[in-house]
Amino acid sequence: MLELRPILSALWRHKISALLIALQLGLTLAIVSNASVVIQEREERIARPTGIAEADIVTAHFMPIPKDYDLLEAFRLDMDMIRQLPGVAAATISRAPLAGSGSSGGFHTKPHQEVGSTGAAFFSGDEHFIDALGMKLVAGRNFTPSEIRIMESSSSERPTITIITQQLADTLFPEGNALGKSLYFGGDDNPMEIVGIVERNLGPWPNSSVAGNTVFFPAIMETQWYDYIVRAEPGQRDAVLKLLEEKMAERDAERVIEVKTLTEQKTRYYAGDNTMIKVLTGVVSLLTFIVALGIVGLTVFWITQRQKQIGVRRALGATRTAISRYFLLENLMIAATGVALGTAAAQIFNQFLASEFGQPALPLSTTLVCAFILLAVSLTSALVPALRAANISPAMATRSV
Amino acid sequence: MLKMHNIRKSYRTDTIETHALRDFSLEVNEGEFVSVTGPSGSGKTTFLNIAGLLETPTGGQYLLDGQEVGNLSDRERSHLRNEKIGFIFQGFNLIPDLSLFDNIDVPLRYRGFNAKERRRRIEKSLEQVGLSARAKHLPAQLSGGQQQRVAIARALAGEPRFLLADEPTGNLDSLMARQVMELLEFINQWGTTIVMVTHDPDLARRAHRNIQIVDGQVSDLRQNIAADEAAIA
Amino acid sequence: MIGYYISLALRSLRRTPILSALMVAAIAVGVGAAMTTLTLNYMMSRNALADKDDVLYAVQLDNWDPHEAADNPSEMPWEITYKDAISLLRSDIPTYHVAMHRWGGPITLEDSTLRPYTAQARVTSRDFFALFDVSFVYGGTWAGEADNNAVFQVVLNKSTNEKLFNGENSVGRTINFNGAPFTVVGVVEDWHPSPKVHDLNNGDFMKSADIYIPFGLHRVLEIQTWGNTNGWKPEKIESYEDGLGAEYVWVQYWVQLDSAEQRQRYEDFLTGFIQEQKSQGRFPRPLKFGLSKPSEWLVLNEVVDGDDRMLNWLSLAFLLVCLVNAVALLLAKFLRKAPETGVRRALGASRSAVFSQHLVESGCIGLAGGLIGILLTLAGLALIRQLSMGYMDSVASMDWLMMLSAIGLAILSSLLAGLYPAWRISRTNPSIYLKTQ
């Protein structure tokens with residue numbers, strides 16, 4: 001500790017350079033900690049459980065060509081064929097979740113309501129959909145085959161029963177016992193009785209405000225295109241994908257067929273978040289690297305400048321350790337100043353990002369962890385030059401530079 | 001050529017104020033070779049810096065070649081330094097990265113000569129100091145005496161009327177020192193005014209006139225000697 | 001003198017290769033990061049309709065819920081209802097007007113080995129090509145009656161014509177689209193503006209349509225849009241016809257108004273139209289409509305989203321750190337040369353000469369940093385193209401203007417970074433370096 005005063009006075013003579021290093025570390029801390037909190041939030045968002053067996057699911061998107069296509073016959077033939085395929089656990093006709101395309105609406109718990117609805121995405125599906133998506137029924141029952149309706153897109157028929165997610169049940173009926181209660185579309189008086197509750201389903205848009213609020217109707221909607229959702233036995237997905245592509249074209253080539261894994265569609269949906277994570281991670285590591293290089297560069301420079309001084313110290317009996325310690329202590333004092341500045345800057349930067357871009361608040365713990373890491377990086381960067389400084393010969397003292 | 005009247009120079013730190021020169025007055029005539037001696041810390045270097053327009057005095061009047069330089073801007077002073085003054089240092093102060101040719105080129109660049117004129121002058125001044133063959137060498141490849149001759153060539157290339165030398169032989173052995181001294185005398189004979197700071201009493205004696213600076217003030221030995229002689233007579 | 005300074009700068013850079021490389025790297029990385037996001041933002045802010053920015057307008061009508069405004073910054077639905085589109089198309093005020101939406105379906109060709117594939121289509125009224133300046137290679141647009149009656153005609157883009165008919169003049173030939181035969185009446189140049197200013201509801205940077213079909217086919221084909229459909233009003237929809245008559249918004253509407261007077265007349269027309277609808281019980285909200293120029297439309301639709309802008313700020317902060325880094329390293333480098341500077345001062349260099357010399361040296365570092373920065377930017381953009389899985393392909397690329405900007409930014413940054421160190425070295429008292437220690 002005796003060394004602090006001479007270090008401080010030496011630093012004072014280098015105050016601008018020292019300040020620049022501290023400033024760099026401070027700004028870096030502000031950026032790195034804010035980037036970390038964004039990365040963390042996005043990662044958690046992507047890692048959220050979807051409630052479905054996404055890793056085992058393959059979807060086949062198909063669009064019939066002729067206007068008078070016999071859809072029901074095609075469904076029957078396709079489904080029979082698909083369910084026979086080796087490695088297939090379950091299959092259904094619906095729309096792929098997590099893919100960024102779907103329908104949503106406002107739901108009420110009483111008839112004839114126009115305001116105050118709860119938004120939810122809705123899917124139609126048959127009695128196989130729970131199984132095909134690998135969802136978990138936590139209350140009530142599944143649809144039965146006789147309840148499935150084939151509906152034209154502009155049909156006036158309304159479903160009379162529904163299965164919803166636990167999250168929606170809790171939102172609509174906070175007191176519990178949603179089972180047996182009814183849902184209504186806005187302004188409508190057709191009750192749709194909740195016959196079952198599934199544990200979870202993020203729906204078509206996991207990043208939207210309705211994510212997790214999902215409603216299922218016992219129907220097959222007649223539209224321009226369909227998704228077959230096929231769940232493979234664990235580990236069989238890729239084989240099933242290939243087989244599906246082949247067999248569907250074999251059964252009827254005159255239609256547009258696109259077979260994809262659900263994982264791919266989910267990745268595609270999260271591409272923006274993923275880009276953000278990767279870019280920010282890149283920014284954080286590059287920045288740390290640049291700062292480390294800067295510290296190495298300046299430490300080397302200072303040591304070169306003070307070679308003679310170091311030689312004198314050595315000649316006067318300073319040990320190698322004492323010389324290294326001197327430079328490390330010097331670095332630590334600069335870095336500590338920088339980190340202190342940075343902690344404040346990080347909060348200010350976070351205020352800006354939060355108010356302007358709705359980013360999450362920065363907890364002090366994240367800043368502190370980043371600060372600690374940066375201190376370590378700074379010391380490590382100074383370590384090599386500091387050790388080299390210790391090797392400067394006492395003979396330097398007598399040499400003129 | 002050089003006329004200083006009541007020059008003062010003080011350096012101030014947080015705690016103390018040091019007077020490097022006090023009421024310093026000196027006149028050096030055109031074509032003179034003046035040596036300046038004095039103990040360490042007497043103000044020799046400060047005098048040289050002020051004479052060479054590297055520093056400005058705190059007070060007093062300085063006329064260089066009849067021109068009052070106290071109120072000139074940095075650009076004007078630099079221009080004057082470049083055109084009228086040549087420097088020679090104890091440590092030679094050649095730029096280590098530059099070849100001899102490029103070292104001598106430095107002041108000519110700041111003068112704004114064209115490439116042809118610069119080449120002519122560089123070649124001429126290298127010839128004067130007998131180092132034409134080594135124009136492409138780096139300073140580190142030369143002996144100390146040779147380096148000092150290059151430094152002299154660099155000082156001469158701009159054809160200054162006034163040469164300031166700070167211990168020009170201080171880092172040289174006696175043989176080389178003598179050669180450098182002879183070179184300076186030769187230059188002086190061609191009309192260049194020289195002021196040389198030195199420790200060496202033998203060298204000091206070879207000048208027309210020796211000035212001693214003691215404690216920031218001049219004591220003119222020649223005048224003293226003259227006064228002594230007058231007294232004896 | 002500049003030439004002399006540049007040769008000195010190069011010499012100096014060679015003399016301290018590691019320190020110089022560090023500085024070049026710092027500037028290059030900073031510029032690379034900043035230019036990557038700036039390029040993205042620049043490309044995302046491009047306006048393909050800039051030439052007609054003063055005469056084109058995206059039309060919005062506020063037919064929304066009396067209880068709450070539409071949930072977007074304009075507080076009006078982005079699209080309009082089918083029935084309003086049909087009504088607006090009857091106006092003869094605009095020079096051109098277009099009602100349109102995205103659609104698609106399988107294309108097949110009789111007697112061809114072509115495998116059926118999904119084509120992106122635009123269902124539009126006939127003025128589309130004139131309004132958006134999409135030029136014809138062969139043929140022309142369909143007749144006016146096709147906007148109101150079922151006429152099975154199609155305009156292909158050049159790529160589709162290449163694929164289906166090997167690029168021959170296919171006017172008069174027939175394709176099968178969604179199971180119905182369509183006669184080709186024209187072939188247009190490929191038109192894929194990015195961002196897709198004319199259609200900002202379906203992926204701002206995705207490709208536009210391959211084929212164009214007339215607006216009069218909805219009833220016979222029962223077309224359901226492939227774009228967004230939004231509604232607020234609970235309505236009984238028992239047939240396709242009910243859907244067309246509902247308050248659902250799903251049609252994009254653009255007009256060309258060439259003069260202020262024409263615009264005024266059109267505004268009066270819209271006001272009158274809404275008032276008339278109000279008297280029939282529609283348009284429950286206060287009277288409001290929107291006419292946005294393409295440039296305004298891009299901003300209103302937040303094509304450059306929060307993430308993009310945040311990255312922009314972040315990368316500028318990154319550049320700032322790199323600059324501070326460069327300042328520190330430059331200071332170290334320049335001070336190391338202080339003795340040489342002392343000699344130069346003695347030999348007649350003025351302070352401003354020393355300052356310029358060092359600033360030129362900073363500029364050279366900046367130039368090198370800028371060149372490497374361009375490479376890093378290209379790498380950064382390639383990475384973003386890959387990570388975004390096709391969503392950003394059309395915007396994550398650099399044009400010559402951005403390359404020049406990269407160099408400019410690098411030089412500017414390094415000059416800024418060099419300002420203080422150069423000033424500092426030019427102020428250093430030369431005499432202390434001239435004396436032998």
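Predicted model: local features only at pLDDT ≥ 70, side-chain atom pairs only at ≥ 80, totals over all residues.

Student: Okay, chain C then. How many helices and strands has chain C?

Tutor: Chain C has 14 helices and eleven strands.

Student: What box do the C-alpha atoms of chain C fill?

Tutor: Roughly 100 × 55 × 35 Å, taken along the principal axes. A compact globule of 437 residues would have a radius of gyration near 22 Å, but chain C comes out at 30 Å.

Student: And which residues of chain C does the UniProt annotation "transmembrane region" cover?

Tutor: That annotation, from an unreviewed UniProt entry, covers residues 21-44, 313-335, 365-388 and 400-423 of chain C.

Student: Are residues 21-44 of chain C helix or strand?

Tutor: Helix: the span is 100% helix and 0% strand, and its end C-alpha atoms lie 33 Å apart. Residues 313-335 of chain C are 100% helix and 0% strand, with 33 Å between the end C-alpha atoms.

Student: How much of chain C counts as buried?

Tutor: 49% of its 437 residues. As for contacts in chain C with a separation of 6 or more, 77% are between residues 24 or more positions apart.

Student: Switching to chain B. What is its secondary structure?

Tutor: Chain B comes to eight helices and ten strands. Its C-alpha trace spans about 55 × 45 × 35 Å along the principal axes.

Student: How does the radius of gyration of chain B fit a compact globule?

Tutor: It agrees: a compact globule of 233 residues would have a radius of gyration near 17 Å, and chain B has 18 Å. In chain B, 44% of the 233 residues count as buried. Residues 24 or more positions apart make up 71% of the chain B contacts with a separation of 6 or more.

Student: Now the contacts between chains. Which chains share the most contacts?

Tutor: Chains A and C do, out of two pairs of chains in contact. Chain A and chain B do not touch, and their nearest C-alpha atoms are 11 Å apart.

Student: How many residues do chains C and B put into their contact?

Tutor: Chain C gives 20 residues and chain B gives 24. On the side of chain C that touches chain B, the elements giving two or more residues are α1 (2-15), α11 (338-346), α12 (351-387) and α14 (431-434) of chain C.

Student: Which of those gives the most?

Tutor: α11(C), with five residues. By class, the side of chain C that touches chain B has eight nonpolar, five polar and seven charged residues.

Student: Last topic, chain A. Why is strand β1 of chain A called largely enclosed?

Tutor: Because seven of the eight residues of β1(A), residues 57-64, are buried, the rest of the structure largely encloses that strand.

Student: What does β1(A) pair with, and in which sense?

Tutor: One partner is strand β11 of chain A, residues 226-232, in the antiparallel sense over six bridges. In that pairing, H61(A) has D227(A) in β11(A) as its bridge partner.

Student: How many bridges join β1(A) to strand β12 of chain A?

Tutor: Seven, and β1(A) and β12(A), residues 255-261, run antiparallel. To find that pairing in the view, look for A60(A), which stands opposite V259(A) in β12(A).

Conventions:
Residues numbered from 1 in each chain as written. Chains lettered and ligands numbered in written order. UniProt positions renumbered as here; feature names shortened; annotations may be inferred. Helix = DSSP H or I, 4+ residues; strand = E, 2+ residues; numbered from the N terminus. Rg over C-alpha atoms; globule rule 2.2 N^0.38 Å. Buried ≥ 20, exposed ≤ 12 C-beta atoms within 10 Å, placed from the backbone. Contact = placed C-beta atoms within 7 Å. Nonpolar A, V, L, I, M, F, W, Y, C, P; charged D, E, K, R; others polar. Pairing = 2+ DSSP bridges.
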